[in-house]
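I opened this entry to look up how the parts of the chain meet.

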Amino acid sequence: MLFSSISFLYYFLPCVILLYYIAPKKLKNLTLLISSLVFYAWGEPKYVILMAIGIINGYISGLLIEKFIGTKKAAVVLWISVLINIGCLGYFKYADFFIENINAATGLSIPFLKIALPVGISFYTFQILSYTVDVYRKEVNAQRSIIDLAAYVSMFPQLIAGPIVRYADVAAQLKERTHSFEKAASGIRMFVIGLGKKVLIANALGELCNAYSANTDNSVLLCWMYAFAYSLQIYFDFSGYSDMAVGLGRIFGFELCENFRYPYISQSITEFWRRWHISLGTWFRDYVYIPLGGNRVSKLGHIRNILVVWMLTGFWHGAAWNFIIWGLYFAVFLMIEKFFLLKSLKKTKIIGHIYVLLAVLVSFVIFGSSNLSSAVKCLGGMFGFRGLPFASELQMYYLRSFVVILILAVVGATPLPKKLAEKISKIKDGAVLDIIEPVFLVGITVLSTAYLVDGSFNPFMYFRF
């Protein structure tokens, strides 16, 4: 079930909110857990069992690790738990990738397993891993209530698309959290803005990307339009979903972590990755990069650590070589910046910004391609290596049709709308904003609903990962 669907917005969510708020305090986590299981089972009920196995594994492992803490038994339990979680993720997400590459390398014909990818498995697996590791590190106490732990892992606001919420960040909130009209209103505001980003901007940009994919008569202009549109689409699609998740969390009393912070205003790739998919970047930093030694090792060791982390970051996104290359692509830029370029970039804001945008555009062409061949074709077209015409009448039609949404997306990817809202809030002590904001939010809701009722293009890109 998508957040941006009529069934979620007008049936599931109102029922869950009603049940949640009338439930006694002691039953709120149970209500949230049952609602989350229904949400997950809506699309693929059989994979609820897989998630339940992960939760039980995490629950038992956490208790045993805490019981044996300080002994070798704790480490053994941790490694068994990690192997079970990684094994499930590897089997369901990567088995056919490995079979394909073994067949290609050896000439064998091992049949593909053709396993459907369980939605959200990459997110909830990382949450269970962080929980058990943090118990082992004595950063959190093991959770005694399996209901509370299951509510944390399966919480539907962040189940299918993150952010990756660490148990340490919500442990106290699972036991005690505040519910207020102000907090719920803030959550609704954030949810509606995220819905607008997803439905009104990302989906419209997706139509331009589809036009590129369906067009056999490409041009330099269309290749660049696709690169811009896809880079903006994936930002508004994923950040919109993250906003909706954080907003829903507030409605249910939780404060979830921020996942995007205007990444396209960055002046270095290092800064970009501090602003893009923040929860994933910090997860790999704390659970892979630092345990490997981080930058507290030799220069070669440091380079190895960066390459390992970014290869895994790419591979986490999908079982294909273009994702691995995408991760290593960023690793190269990060190493160049770390060892040579970062200080210079800080002195040249405009050049640094252009450099980041160009590097990111190229990266998302690699990321969004179905295979490496199509990525090479698009990049070759962008930089004039395929002898394509600059434009045709059809491509100029696409430009005229989508120029408004492209401009709105560019502006929306910056802090300018937020700064404008802050200035309006100062007019007559916020009285003007009190009038404009409800009208604006209702307008987004009505337009988004009309778009969804019309049955228009409405994918969610991160289902793929």
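**Domains.** I looked up the domain assignment of the chain, whose bounds come from an automatic or database assignment. It gives domain 1 (6-176) and domain 2 (183-462). I then took the contact, meaning heavy atoms within 4.5 Å. It draws 37 residues from domain 1 and 39 residues from domain 2. The C-alpha centres of the two domains lie 26 Å apart.

**Ground rules.** This is a predicted model, so I kept to its limits: local features need pLDDT of at least 70, side-chain atom pairs count only at pLDDT 80 or more, and totals for chains, interfaces and linings use all residues. I number residues from 1 along each chain as its sequence is written, and side-chain values use heavy atoms, with hydrogens and water left out.

**Buried area.** The size of an interface is often given as the accessible area lost when the parts come together. I used that quantity here (1.4 Å probe, area lost by two parts on being put together, summed over both). Domain 1 and domain 2 bury about 3,300 Å² between them. Carbon and sulfur atoms carry 72% of it. In domain 1, Phe97, Pro163 and Arg166 lose the most area to domain 2. Together they make up 18% of what that side buries.

**Polar links across the interface.** I counted polar contacts (a pair of N or O atoms within 3.5 Å; within protein, one must be able to donate a hydrogen and the other to accept it, and residues adjacent in sequence count only if both atoms are side-chain atoms). Between domain 1 and domain 2 there are 14 residue pairs in polar contact, both at pLDDT 80 or more. Next I asked which elements supply the side of domain 1 that touches domain 2. Helix 1 (6-22), helix 4 (72-106), helix 5 (121-136), helix 7 (156-159) and helix 8 (167-175) each supply at least two residues. Helices are DSSP runs (H or I, at least four residues), numbered from the N terminus. Helix 1 gives the most, with 9 residues. By class, this side has 27 nonpolar, 6 polar and 4 charged residues.

**Asp286.** I searched for salt bridges (a side-chain nitrogen of Lys or Arg within 4 Å of a carboxyl oxygen of Asp or Glu). The rule finds 1 across the interface of domain 1 and domain 2. Arg166 and Asp286 form a salt bridge, with their closest N and O atoms 2.7 Å apart. Asp286 is found in helix 12 (residues 278-289). Is Asp286 buried or exposed? It counts as buried, at 14% relative accessibility; the cut-offs are under 20% relative accessible area for buried, over 50% for exposed, and partly exposed in between (1.4 Å probe, protein chains only). Its side chain also makes a polar contact with the side chain of Arg285 (2.8 Å). Leaving aside neighbours within four places in sequence, Asp286 is in contact with Arg137, Arg166 and Pro291.

**Other salt bridges.** How many salt bridges does a search of the whole structure find? It finds 12. I noted the bridge between the side chains of Lys25 and Glu176 (2.8 Å, N to O). Lys25 sits in the loop between helix 1 and helix 2 (28-41), and Glu176 in the loop between helix 8 and helix 9 (181-214), 151 residues apart. Both Lys25 and Glu176 are exposed.

I also noted Lys197 with Asp243, at 2.7 Å, N to O. Lys197 is in helix 9 and Asp243 in helix 10 (residues 220-251), so this pair ties together parts 46 residues apart in sequence. Lys197 is buried at 15%, and Asp243 is buried at 16%.

Methods:
Nonpolar A, V, L, I, M, F, W, Y, C, P; charged D, E, K, R; others polar.
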